[in-house]
Amino acid sequence: MEANHNTTTTTTTTTTSTIKNRRRSYNTKTPYEWSIIIEDALVYGVPHTSEKFGVKKTTLYQKIKKFSKELSIESLDVKKRGTVPGSTKSKKITGNLAEFVLKEITEDNTLSGKQLAQMLAEESKRDNPESRFTISATTVNKFLKDQQFSYKVIREEEVERNSETLLEERKIFSKMVLENNYRKSPRTTVYFDFMYVSSNIIARRGRSKIGTPAIVHQSHRGIHIHKYPSTRKSKNSEGQVSEENVIDDDDDVKVKEESEEESEEESDQESDQEESDEDSSIALEELHGIVLLKTPPISTDAQKVNSLAVCAAITGEKVLLVSTQFRRFNSEDFYQFMGRLLAKLKKEYPNESFTFVGDNESVYKQGMDLLMTQEHRHHSYIPNPRYSPFLNAIEFMFNQLKYHIAGLQHKLVGDLIISCQQAIKKIQPGNLLNYHETVHIYLLKCLQREEIHAWRTVLNEKARVPDNAPDQNWECFHRTIFSTERDCFTKYLVNGTPENPVKPGNQAMILNDKKIPLFNDLSLILPSGQIQEVEVDQVVNKEMKKRGRPPKTMSQQKPTQSSKRYKSYINISHPDNYLN
């Protein structure tokens with residue numbers, strides 16, 4: 001047993017020394033010796049030479065590849081690794097260099113490790129112009145990691161959000177609200193605001209076949225609301241205005257006067273109706289699955305809109321009112337919304353006081369003045385401090401709405417409105433209560449003068465909302481602004497689909513002082529008999545010959561889609577200048 005053990009030990013020692021000798025012999029080979037080995041490999045093959053000289057096959061293949069590329073014995077010399085002679089490469093950042101890196105990354109947190117390494121080298125040259133100090137980006141990244149810096153997605157934030165002035169204002173505000181219990185009851189706290197849902201909003205992630213992109217088709221230039229046909233001027237092919245659709249100036253004035261008189265009469269009727277029956281519910285109707293407000297349109301002009309405006313008011317228990325429209329909310333729009341909201345509160349909660357919570361928008365001023373009237377003076381309004389959207393619970397509801405809308409595919413203009421109204425029905429009373437409690441947590445943080453960067457927090461007692469909760473019947477409607485808006489609900493949002501193909505282009509080129517349509521039949525432009533069929537290979541070979549390269553034959557080219565024959569119409573009178 002002892003003899004066998006000694007034999008095994010001897011064999012292991014011999015094998016280890018052989019491996020070391022091989023490595024040592026690899027490191028000490030000169031370029032001339034490598035040239036002899038490569039010559040032997042080219043004659044007898046790599047496996048035979050590898051076993052003969054004790055060289056790895058992979059190493060020998062690399063040397064042959066390198067020699068065949070550069071064709072010089074000097075290329076077989078082993079390059080020494082390490083720093084440049086005379087330079088000092090630091091492996092650790094300490095002292096003044098550490099303070100410099102921390103200062104720079106604090107001022108600009110978008111700097112990469114490579115940029116910081118270059119800045120360190122420049123900083124060392126300022127102290128000593130003859131210094132050849134170098135440092136790697138890996139060393140810089142490791143230093144930042146040791147200092148608890150991580151690489152993450154950047155989030156934009158206003159400079160004033162966490163300034164000393166606003167931190168003090170939030171502290172005073174939160175102390176006043178908490179001591180006076182202005183927002184203690186979720187039932188009597190009304191949060192209101194508006195947001196804009198883009199027609200191009202899509203989900204952030206999707207699935208597709210491996211090697212293909214995940215594409216979602218979206219509208220390119222927003223939503224166009226057309227004019228009335230009677231007010232639209234069209235041009236014929238010669239560029240002249242057609243007389244059929246032209247309205248004289250006198251007729252145009254008459255139309256405007258009639259429309260103004262009708263709008264005044266309708267407004268008088270509406271005001272009389274509101275005065276006679278203030279407690280009546282909001283009149284609604286349904287068209288193409290969209291709940292609409294029964295009010296006449298405001299504008300007859302054409303308009304291009306990029307988003308759907310949503311104005312909403314909620315409490316910690318229910319969604320009070322939601323209104324959508326294809327125009328940015330102005331003071332008059334919010335004034336009417338506030339009037340409907342106050343009428344609804346008076347009908348459903350008589351003799352009950354509410355505290356309204358909103359942001360610092362100028363469009364709110366006219367609507368908030370209604371709280372100073374004799375009828376609504378029992379309500380109160382406490383605006384949030386500047387740059388403090390996390391103190392408004394409706395902002396969290398808007399995030400939930402966008403989450404539901406982004407996962408839907410909108411084909412028609414009306415689909416965008418329907419998806420918004422359906423997403424509002426998904427909101428549960430438990431969600432609203434959680435949003436109200438989240439605002440209370442942020443009030444406590446503001447009381448401690450904490451800087452607020454993210455809108456996420458953990459609630460100790462969170463209301464559980466089941467995934468299969470039934471839809472709620474919240475009051476939500478769409479208000480038509482434009483006279484032809486109802487006709488555009490069935491209009492396609494995206495061009496290029498089989499249902500809504502892209503229209504032919506109408507670009508024109510100028511040749512010999514004449515405008516010629518670019519995409520018309522070119523057989524009408526070129527003289528007769530000057531149309532021929534050309535292969536792509538002829539064009540490619542002609543271009544390569546022009547650049548001094550040998551033309552490729554079909555056997556040398558890989559079969560691609562572009563190598564197929566196609567019809568190209570060219571002017572044969574100048575065939576040599578086709579590519580010039």
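This is a predicted model: local features need pLDDT of at least 70, side-chain atom pairs count only at pLDDT 80 or more; totals for chains, interfaces and linings use all residues.
Trainee: How many helices and strands does the protein have, and what share of its residues counts as buried?

Mentor: The protein has 15 helices and 14 strands. Of its 580 residues, 32% count as buried. Among contacts between residues at least 6 apart in sequence, 71% join residues at least 24 apart.

Trainee: Why is N351 called exposed?

Mentor: The cut-off for exposed is over 50% relative accessible area. N351 has 82% relative accessibility, so N351 counts as exposed. N351 is found in the loop between α10 and β10. Its phi is positive, about 60°, although N351 is not a glycine.

Trainee: R449 also has a positive phi of about 60°. Why is R449 called partly exposed?

Mentor: Buried means under 20% and exposed means over 50%, with partly exposed in between. R449 stands at 27% relative accessibility, therefore R449 counts as partly exposed. Its place is the loop between α14 and β12 (476-478), and R449 is not a glycine either.

Trainee: What makes P504 exposed?

Mentor: P504 has 75% relative accessibility, and the cut-off is over 50%, so P504 counts as exposed. P504 is found in the loop between β12 and β13 (508-511). P504 and F519 are 15 residues apart along the chain, and their C-alpha atoms are separated by 7.9 Å.

Trainee: How do you know that E352 makes a polar contact with R187?

Mentor: A polar contact needs a pair of N or O atoms within 3.5 Å, one able to donate a hydrogen and the other to accept it. The side chains of E352 and R187 make such a contact at 3.1 Å, so the distance meets the cut-off.

Trainee: Where is E352 found, and which residues is E352 in contact with, leaving aside its neighbours within four places in sequence?

Mentor: E352 lies in the loop between α10 (331-348) and β10 (355-357). With those neighbours left aside, E352 is in contact with R187, T188, H378 and H379.

Trainee: Which residues of helix α7 are buried, and why are they said to be on the same side?

Mentor: In α7 (residues 137-146), the buried residues are T139, V140, F143 and L144. They cover an arc of only 135° around the axis, which means that they are on the same side of α7. In general, an α-helix has 3.6 residues a turn, so residues three or four places apart point the same way.

Trainee: What do the buried residues of α7 pack against, and which residues are exposed on the other side?

Mentor: The buried residues pack against α5 (95-107) and α6 (113-127). On the other side of α7, T138, K142, K145 and D146 are exposed. α7 is followed by Q148, whose phi is positive, near 70°.

Trainee: What makes a residue part of the lining of the second largest pocket, and how many residues line that pocket?

Mentor: A lining residue has an atom within 4 Å of a point of the pocket. The second largest pocket is lined by 37 residues, of which E395, F396, F398, N399 and W455 lie nearest its centre. Its volume is about 1500 Å³.

Trainee: Which element gives the most to that lining, and how is the lining made up by class?

Mentor: α12 gives the most, with eight residues. β3 (189-198), α12 (394-406) and α14 (429-447) each supply at least two residues. By class, the lining has 16 nonpolar, nine polar and twelve charged residues.

Key. Residues are numbered from 1 along each chain as its sequence is written. Side-chain values use heavy atoms; hydrogens and water are left out. Contact means heavy atoms within 4.5 Å. On a 1 Å grid over the protein atoms alone, a cavity is a set of points where a 1.4 Å probe fits but cannot get out, and a pocket is an open set with protein on both sides within 12 Å along at least five of seven lines; lining residues have an atom within 4 Å of a point. Grid points are joined across faces, edges and corners, and a volume is the space filled by probe spheres set on the points. Ala, Val, Leu, Ile, Met, Phe, Trp, Tyr, Cys and Pro count as nonpolar, Asp, Glu, Lys and Arg as charged, and the others, Gly among them, as polar. Buried means under 20% relative accessible area, exposed over 50%, partly exposed in between (1.4 Å probe, protein chains only). The arc is that of the directions from the helix axis to the C-beta atoms.
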